[in-house]
Amino acid sequence: MAVSSLTATIPVCLIAGEDEYGVKLRGRQLFQQWSAEIGGMDHEIIDAAALNSGDALNSIKKLREGLQTLPFFGGGKVVWWQNCNFLSESRTANSSAVTAAMTELAAEIKVFRWDTVRLLITAGDVDKRKAFYKALDKIGRVETFAGWSAEDKEWTHQAENAARQQIGQLGLSIDDGACAQLVLSVGPNPRFLATEIEKLALYCLERATITAKDVEAIVTKQKTSRAFALADALGARQLPRLLKTLK
């Protein structure tokens, strides 16, 4: 995509949520996509993880400098404000100095000329009541990655879809039974699921399809998986399997 057409696209994106792995994965994907689209060699990644208000203010300063510094070699520029942890309710976020700085930043973003610049922000929880979030939501796009919860009846379907997608990206496939077994073994943990899929991919390097035997042989079962397996056996009214799980 030519730089001149950047104004036709959304210039700012906030990716946030409890699913830390999903946020980082999507952030990396979008950063690479935007960098390839606009070209240039001056793309910048700024660490926004802050332990205190001083760290936060320093990060905000670096972000301003990154946005205002024109690409040295021409072309466009992507700035990734990564791992921001002061967009929600916290002592750091609520300090008067950080609150004032973020309010000023929100005002600057509203009038900033995005002709050759894009801003990507990845974060955990965000407070939608704050001026900075409202500014981002108005001029850009917000993507939310909620964490999986065992209390959510749909989490297994979400996890299975995520597993199939990652496995497909690795050039493999997995049968339905193996996929269900994988998810129940791991539990509602996206990061651990991704790690176990990488192990499976290496284990099945010379084969195209992951089977239940592969999952049984290589996947590490989490403590929560025992409870899921017990409930599954009980729901299926399979007494031998239920007793084996209890043992």
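Trp-80 counts as buried at 5% relative accessibility, where buried means under 20% relative accessible area, exposed over 50% and partly exposed in between, with a 1.4 Å probe and protein chains only. Please keep in mind that this is a predicted model: local features need pLDDT of at least 70, side-chain atom pairs count only at pLDDT 80 or more, and totals for chains, interfaces and linings use all residues. Residues are numbered from 1 along each chain as its sequence is written, and side-chain values use heavy atoms, leaving out hydrogens and water.

The structure holds 4 aromatic pairs. Rings of Phe, Tyr and Trp (its six-membered ring) pair if their centres lie within 6.5 Å; planes under 30 degrees apart count as stacked, over 60 as edge-to-face and the rest as tilted. One of these pairs joins Phe-31 and Trp-80 in a tilted arrangement, 5.3 Å centre to centre with 35 degrees between the planes. Phe-31 sits in helix H1 and Trp-80 in strand E3, so this pair links distant parts of the chain, 49 residues apart. Phe-31 is buried as well, with a relative accessible area of 13%.

## A cluster of rings

Trp-81 and Phe-86 have ring centres 5.6 Å apart and planes at 85 degrees, so their pair is edge-to-face. Trp-81 is buried at 0% relative accessibility, and Phe-86 is buried with a relative accessible area of 2%. Ring pairs link Trp-81, Phe-86 and Phe-132 into a cluster.

## The sheet

Now to the strands. Helices (H or I, at least four residues) and strands (E, at least two) are DSSP runs, numbered from the N terminus. Two strands pair if DSSP finds at least two bridges between them. Here, 5 strands form an open sheet with parallel pairing, in the order E2-E3-E4-E1-E5. Strands E2 (44–47) and E5 (141–144) stand at the edges with a single partner strand each, so one side of each has no neighbour in the sheet. From one strand to the next, the twist averages 15 degrees; axes are lines fitted to C-alpha atoms, for helices over the stretch in contact, and angles run from 0 to 180 degrees between N-to-C directions.

E3 (residues 77–84) and E4 (residues 117–123) pair in the parallel sense over 6 bridges. Lys-77 has Val-117 in E4 as its bridge partner.

## Helices on the sheet

Helix H2 (residues 53–68) packs on the sheet and touches E2, E3 and E4, where contact means heavy atoms within 4.5 Å. The direction of H2 makes about 165 degrees with that of E3. Helix H1 (residues 20–38) lies across E1 (12–16), E2, E3, E4 and E5, running at about 170 degrees to E4.
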